[in-house]
Every structure is written in structure tokens, then in C-alpha cells.
Amino acid sequence: MFRYLTKRILMLIPLMIGITLITFTVIHLAPGEPVEMQMAMNPKVGKEARERLTKFYGLDKPLHEQYFNWVGKIARLDLGRSFSSDNRPVLDKIKERLPVTISLNVIALLIEFGLAIPIGILAATRRDTWLDKGITVFVFIGFAVPTFWLALLLMYFFGVKLAWLPISGLHTLGSDSWGTVRYLADMAQHLIMPVMVASFGSLAGLSRYMRSAMLNVINQDYITTARAKGLSERVVIWKHALRNALLPLITLLGFSIPGLIGGSVIFETIFAIPGMGQLFYQSVMSRDYPVVMGILVIGAFLTLIGNLIADLAYAFADPRIRQGEG
Amino acid sequence: MIVLPGVRCLLMALFSSMVFAACTRSEISPVPAAVVSSSIPATGDSLVEGTIGEASTLIPLLASDASSHAVAGQIYNGLVKYDKNLNIVGDLAKSFDISADGLTITFHLHPGITWHDGAPLTSRDVLYTYRITIDPKTPTAYAEDFKQVKNITAPDIHTIRVTYDSPFAPALASWGVNILPAHLLEGKDITTSPLSRRPVGTGPYRFKEWVSGQKIVLEANKDYFEGRPNIDRFIYRIIPDSSTMYMELKAGGIDLMNLTPVQYARQTAAKSFTRRFNKYRYPSSSYLYMGYNLRHPLFGDKRIRQAITAAINKDELIQGVLFGMGQKAHGPIVPGRWAYNPAVRDIAYDPKHAAELLAEAGWKEKNSDGILVKNGTPFKFTILTNQGNQQRLMTAQIVQQRLRTVGIDVRIRIVEWAAFLKEFVNKGNFEVVMLAWNISQDPDMYDIWHSSKNKPGELNFIGFKNAEVDRLLIEGRNTFDIEKRRRAYFRIQEILAEEQPYTFLYVPDALPVVSARIRGVEPAPAGIGHNQNHWYVPKNEQVY
Amino acid sequence: MNFKNSYFYSMFWPRLKRNRLALFGGVVVLALFLISLLAPSIAPYDPSAINAWSVLSPPSWQHWFGTDELGRDVLSRVLYGARVSLKVGFVAVGIAVSIGTVVGLVAGYFGGLADAVLMRAVDIMLCFPAFFLILAIITFLEPSIWYIMMVIGLTGWMGVARLVRAETLSIREMDYILAARCIGCSNSRIIFRHILPNAVSPVLVSATLGIAGAILTESALSFLGIGVQPPTPSWGNILTSGKDYIEFAWWLSLFPGLAILVTVLSYNLLGEGIRDALDPRVKR
């Protein structure tokens, strides 16, 4: 186990380097230089300030030196300051938005797994019945419907027509002065629609995966053996088959992070949720390069860590790896 | 708050929270009976305004976006402001005297005004605001008017005396800029000041909290020198999507927003809506235009610019985009102002005439796609406009179609406001822009048309250069004689109509909507924002 | 296609045929091809002809799907939009599949350092939220249809690479490949004649699903204002222009919305069907 762990952690190094390289490249696709962007807004800023900024971003140096410079700063968690007129440290801007996005995605993930696993099992065990087909169509509709359209339709029906749910934001105005329970209940109400939209969209991938994993397992010899032993179908499915079908899902968990973070751009914008997706979109549109770079790097690192945790969990659950041959 | 962005408009924003300034016509939707019966102003409740963009900084001197100025307008004051009839009156200044030659203005501050932190407002604050504005190290777009100042002194803590070299017509209005607190800023770097997130002003509302991406909360300044505003809290909710914002309005989540023409005309006519909201309509003091980059070889020839104007049907734009709620623009001064020249002839919609003009300029042949070709190059250009303005995009698309029929291939590119300024406009990196100017009350338009104002970050970014206009602009601003000024601006309008450096498109109507709960809203030539401090919610209808 | 005819008729087709959902998907996909081919002749109006005097008029005999905010015929725009949306889907996926296949083949066949480096590249790319990369690159460059297709392709090849590599690894060790190598076949001949045809099926499945994904991505980009630019109609930008009028001009969002929904659904059902039909492990 220890060897496996060290190996996995050492493997992170080239990946992190790759992540920074790609981020650096993406930013340099933009025409013009970042400092120029900032200065163009304000031609009056003197030559001196310009030189200071150029130095700060190291733009007087060759490209590879700029890169190393930047990576060095990241290593010290210095992401620079935003180009927008608030001029705030990028890290602050990301920090205040990260928790929202992460918690939203964690809730969405939990719901997604909570739904997808039973749905997938149901579809597998009732294979080729109307139920299976119904489930298939249902989950694919979730995937196929454009997120923002679904979101708007829900907002219109549940928010405007029926007035059951709040339309946007995270809190009702004035909720800060309420008691904790009421405050949290209010927040939960605000989260219903965004979470619904986020998890409905990704239900398809997971439940289909579960279905085929389950089918795969059911066709294995040991299940046939279990059945032959006369074990009830319930025990066979829920005890023997499920455990083995669930294992690969752990890895999938790690891989669904980037998709969810990416999708948050849309639903955070439409539901007015102040998360990282919204910040990224705004920063990209206003060419706020330090923030864009910061979010790309941090987002990718988070995925990397998510994957690592998933891998370790997998290793822990799978005796073949646990015993150190990995 | 949906505002037509434009740097000039920001000067307007200083005077009213809502950048709706207006002149003549005002139509008020039927007022529910309740308004009349319970008209005793009460304090309490909140006013929630939806805003698409989040403010960037609450130091207005540094901001170039309308959202920032809208919020800052509640927090700060200027020395003077426009009243509801668009006359300049004192604000922080109790009174002001102008010397007989017009070269010296003396402002007398209201005694006893305090900053939100309790410190007294003094002439030092005004001096500081002036100095930091003209400091070349300050990144601001608002220094120009203050550069005309020859000398500024503070004889005592409540008096400021400003002297100009020559008569400067917009002088008084220029002191409407927000006065900043010297005791918190002097000697510090304004660009990194914490005041950008926690401002301290003198205005009717004081800053309470700013939750990034969610809301900015202001609360009534109980010690406001003109008396506390009735409504306890002013809340800006940040809702980046326009459809979401409209649904929030209907669901009661916000009290105040600007309607789009479609919403005004088609979606808000039902009883169920008018019972809960009051709609207002009046001409905005802004105009939409297409500005040609005159440094670009394609647009150097005025026949081409005239041809493009002739190919565009402005009636169609007003009908299709504004549902008829607007009027044609044909110059930089909107109808109804004293400087407006009614005699200027507009180029009428006439595609044939457009084709003739283009042919004269050498664009005769068409290629297989129906696009005009000259020396092998097809006639094509890109209209650049800013993101988040559906009407502007629709206008651009109609223009695109009309120009296509005369053989011009137009592309449309939409760019976010900050990037639009930084990357394209300021660098002269564009062919045609579609933008709006919010125009101030004074007709002075030196910043937009004078040939010296064409450096990056300045407003004559199309590079217009006309010696006669240059001379007239200076004539117009350096006198107080209305007749002389009128003559100068009349002539400028004639020249611009002939030169067509812009194709002036239309003056849209402002279409604000306010929750019926809010009483005391009084449309006036200045719009509806002028008496915001007197708005109130009757006790029995308060919700927050 | 490289399926051997006998296999196609004996196994694949009967299986696919029995899967009603997949069949439905296939029919819709074919119909869409026809529609996009025929759009110019079946569309009743010029999709970009503006009529400022009849904006947002409800469905009628003149305009079956109503008109949009500029008075353009929504039916014609949806028909032409099919072309654009499918083009985006196909070209983007074409790029992704080409890159992914080459990377997967090289990594799987040559192994060693090439494999290690290429697979690390795959891992790295998989760490980024693809939509973030797409958003950034398109905005920084320029939102044109070509960039959109290119960038969706460039950020979507990793799955294919993994699939092809896995397939290559398993085939590489088979006897007939060893035999081919022994008789002196060149690497490229082995790759293109023997390995590639076998990797076609998983790639086909993921390409089918990828087209659906690309259509969705384009609509999301349109919502953010950086999708296919006007006046070219795409389902994404028609839907986006209808989002402000959901409650009273429902036709403007309903038809493009349904078009996206049904198309993406069909591609998915078809893709799943092909996967099932090709999977020898799934017994019937």
C-alpha cells in the first residue's frame, strides 16, 4: 500500500507540470500581452508603472523564463492580482467562490450517485423490459436537454407560475437575521432547482455505466455459481453482484469532477449563484487573465486530487492492489 | 441596472441612481387606487434593484462600468446635482456664486455634513478629489473637465474657490463628480484602497455589506443632511441573466429594473402585472450609433459612410427593436434640447441612392455572392458591440441584413464591456462599433469630437478630425452666451450630418418598472430617480 | 465501414434491429441528414430574412413555427440550424476521433516511452474541465464556427485515445499480428490493416455519443453568447434568442429546444444500440 501511495504521489508531479504548461499556453493564445490589456485602459499610467508591471509579470524575459517565474509564484500560492478595476488578489476571489461550487457539486454528486446506482441496477435486472427502456429514455432526456432551457422552464413553472421555489440566488434577502434552522432551510430551497438541473444532466452517464457493469457482473461465473447454490436472487444481486459492480464507480467519481465544474458555468450564471463557474465566465469575457489562469490551474489540481483520492479508495477496496502489486 | 454603457454616461450616473434622464413626454401606467388613499410616507422596508453586472469598484473615480456608478451614486454626493427639471442645484454645496466674468466659482459647503464614519466633510475633501482626479498616476477617465481649472483654493473649511483661464461652460456641471473622503485616502495609493470594497461617502445610503456575486446592501443614512431616506435599505441583487432577472421581478424578488421594449409592449400589459407594478416610459437621454474607424481605409471616404446610412432603415429599427418606443437620431443632440438643430437634414433610407454612392466611390462590381468587390477585395467589415444588450444585437442584425442587400458583408462581434474598451476601442482595433452615448445636459461634446481627444482611452476613438468642428467646439464651451453657443452647436450638427462619422441610429425610450409597493415615484424630465429618497412603502405593505 | 459483410448481417444488424430505441435513434439521425441536405429546398423562407413588422408572431399557416424576435421564420431557421448543428457535431468529433485514434494507436502499439508520455498527456487533459478550456480559447481567439468545432475537437479526444489504446494493446498480442510481424509486415501496414479495423467499433460508439455532446456544447456556448454567430442560425442560438420569451413566445424556444433534445437523445440511443450490438460479451 505504501509503495503504491508513493508511486501515485510521484506521478502527480509530471501531471502538475503538464497542467501549468497547458494553462500557460491557453493564455498566450490571446493576442497582445496581458500588461498591454491593463495599460490600454489607462494610457495615463506612466512609463514607470508600466515597467513595474512588465517586471512584475516578467514580460521582459523570454517565454520559458516567464513560465518558470509564473510556476514559481504558483508554488508559493501567489496567483497575482485581478485585472479588473477591483484589483484584488486572485486567490481571494477564488477562495470566496470555491466553497459554493464545491458544496453544490458535492450535493449534486451525492444525489446523482444516490439515484443512478439504484436506477442502473433496476435497469440491469429488468433488462429489456419496458421499465428498462423507460429508464433509458428518461436518463438520456436528462442528458439531452440543454441545461439552460431546462433551468428556465423549471424557474418559470416552479418559481413564477406555482411560486413554490425561489428563482435564483442562494438566500432570501434578510435571511441573515433568521435562526440557523430557518436559514439553512431557506438555502436548501434555493438549491433545489440548481441541484436538480445539475444532477439530472449527469444521471445518464453514471446509470448507464452502472447498468452495464451490473450486466457484466451478472454474466460472470461466480454469480452463476451463487445462483446454482440456491441463493435467493436478492442476495445474489444485492450482495454478490453489487459489490463488484460498485468498485469501478469509485474511479468514475474522480472523473466526473471536471464535467461538473465545467457545467457549473451555465447553471451558476442562470441561477445567479456566485460560484467559480460564474467567476470564470466573467473573467474570460473581460480578459482577466490572472483569474483565468488561477481558476484553470486550481480547477485542474482539484480534479487531480479528486482522482488521487478515488484511486486510493479503489486501491483500498480492491485487495489485489492493496496487497502491493500495483 | 441596465444602462447604456459609455464613459460619458457615467457623468450622468453621478446625478441620479438610475441613468434615466428625460425631457418631454412621460407616460404613466394606470395607478392603482391604493396609491391615492395611503399616502402618508413611512420609513422602513427595502428596495431591491436587479443588476446584470456586478460593480467592480465603489471608488467611482476608478470605475468605468455603469453598475459601479449606480451603486456609488447612492453613497456619495457631488458639490452640485441636477434637480428633477434638470437644472443644476447645490448638493453638498449649500450655495455657489459665479463671478460676473464666469471665471470663478465659489462653493459654500453645507455646514455639519459628516462622512459615514463620522468625520466632518470639509473643503479639504474637495481639494483632494480634484488633485487625485488630475493626478496623472490615477487611472481615471474623468480628468478632462478638471484640467481646465486654473487654480483652486480653500479659503476656509467650508469654502472652495475655483478659477478658470477662460469661460468654461460645463464648469459648474463638472463639479457634480463624487467627492471622496480625504481623511481616508490622502497619502495612500487609491488603486489599492480598501474603500473600493467598503466605501465611505456622504450620501443618503451608507455601505453595509457586499457579498461577492450576490448582493450589495446599503442602509439609510439616518444623519443624511437632507433628511434620512424613507426606505431603510437599498439592495442591489446581482443576477447575470436577463431572463432570470425578469422572472425574479414577476416572482417579487426584485422591485426595480429596466424593461426591454418587448417586455414593456407585450409581456407586461396584463392586469395581473399592472396591479403589482408601475411602468414608466420616457425618452432616454442617450442615442445609439455606429461609429466608423476613420483611420481605416474603407471608411476614409465620406460617400461610403453616407451610403451605409442611406442603406439603413431607421424606422425599421425602431419598429423591430423598440416596438416603436423611441425616435430616430440624426445627430449628437437629442430632439427637445436647446442646442438641437431641427433644420439638419437626415440621410433618408434609400438603397438606390446608397448603391449610387458606393458606385461613385468605386464599388461597382459584385461577386457571385452578391458582395461588392473593388480591385478584387470584397466589401466587408465587422460591427463590434458589447455583450449583454439584446437590443443592440438585434439592431446589428437588422443592419447586417440591410447592408447585405446593397452588397456589403457585415459580421457582428460581441465582446464583454471591459474587454471591449481595453482590447478594441482604446487600441483603435475595430472597424465599426455600435455603442450609445448617454448625453449630459450641457451640449458640450468636446471630448467626443475634438481631434485632440483621439489618444487611447479617450472618447474620440473613431479618430474624427475636422478643423471647423474643433474650432466650434472650443467656441461652444468657452462662452456663457447661449446664442453664441447655439450657433456653434447648430453648425456642428450640420457638419456631422454631412460627414457621417457616425450613423446616428435612434434614441430609445427608458422603460423602468417599479413595484407598486413603492410609493412616491414621480416621473419628471430627469427620469424617476431624482426623488428616490422620498420613495416609501406604506407600513402595511412592507415586506422586508 | 470495415465490418465484414457476413458479420454485419449475421450479428450486428439483427441485434440492432431488435433494439427499438436504437432503431428510433437511427431513423431520426437519418431524417436529420436528409433535412440538412434538403434545407434550402424545403425551408419555406430565407432563414435570415428580417421582417420588423411581424416580430414574435405565433405559429400560423404562413409561419408554422412562428417568427422570432426579428420577424424571421422559425421553421426555416430550425431547418437550416440542423445543418449548422450537425456540421459542428461532425467536424468536432472528426477532429477528436482523428487525434484520439492516432494517439491511441501509437501509444498502444509502440508502448514504452511513447505510451507513457502520450497517456500522461491524456491524464493531464482530463484534469481540465473541458468546458473551461473551450470557453477560454474561443473567447480569446474569436467565436467563429471553425474555432468552435476545432476547440471542441481538441478538448474531446482523450476518451477515444484511451479506447483505441486498450483495443490496440489487446490486439497487439494476438497471434495473427505476431505472424504478420514475422512475415515482415511494416508497422504502418499492421496498424492500418490489422489493428485499426478492430478498433473501429468502440470508436464508432464514442463518436456517435460525441456528436451529441458537441451539439450540446454549442448550445451552451450560444447561451453564453459565444456560440455560432448571427445571422447563421444554429439550434443553440435560436434557443438562446427565445430564452427571454419563454412565457409568451414559447414557440421560439420550444422548437429548437426540442430539436436539440430529440437529436441528442437519438444519437445516444443509437450509440448505445451499436455498443450493445457490437459487444460480444452481452449475450441475448
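I started with contacts in chain B: among those with a separation of 6 or more, 72% join residues 24 or more positions apart. Two residues count as in contact if their C-beta atoms, placed from the backbone, lie within 7 Å.

Before going on, I noted that this is a predicted model, where local features need pLDDT of at least 70 and side-chain atom pairs count only at pLDDT 80 or more, while totals for chains, interfaces and linings use all residues. Residues are numbered from 1 along each chain as its sequence is written, and chains are lettered from A and ligands numbered from 1 in the order in which they are written.

**Chain B overall.** I looked up the radius of gyration, which is taken over C-alpha atoms, with a globule rule of 2.2 Å times the number of residues to the power 0.38. Chain B has 24 Å, which agrees with the value near 24 Å for a compact globule of 544 residues. Its C-alpha trace spans about 70 × 60 × 45 Å along the principal axes. I found 17 helices and 23 strands in chain B; these are DSSP runs, numbered from the N terminus (helices H or I, at least four residues; strands E, at least two).

**A sheet in chain B.** Next I picked an open sheet of 4 strands, antiparallel, in the order S5-S6-S8-S7. Strands pair if DSSP finds at least two bridges between them. S5 (93–98) and S7 (149–156) of chain B are the edge strands, each pairing on one side only. S7(B) is joined to S8 (residues 159–164) of chain B by 5 bridges, and Asp156(B) sits opposite Thr159(B). What lies across S6 (104–109), S7 and S8 of chain B? I found helix H4 (residues 123–134) of chain B there, at about 160° to S7(B). Angles run from 0 to 180 degrees between N-to-C directions, with axes fitted to C-alpha atoms, for helices over the stretch in contact.

**The core.** Then I checked the largest nonpolar core: it has 322 residues, and Tyr287(B), Val78(C) and Val264(C) have the most contacts inside it. Such a core is a set of buried Ala, Val, Leu, Ile, Met, Phe, Trp, Tyr and Cys residues joined through C-beta atoms within 7 Å; buried means 20 or more other C-beta atoms within 10 Å of a residue's own, also placed from the backbone. Helix H3 (residues 74–110) of chain C gives the most to this core, 19 residues. Beyond its neighbours within four places in sequence, Val78(C) touches residues including Phe65(C), Trp235(C) and Phe255(C).

**Where B meets C.** Last, I saw 18 residues of chain C in contact with 17 residues of chain B.

Technical notes:
Buried ≥ 20, exposed ≤ 12 C-beta atoms within 10 Å, placed from the backbone.
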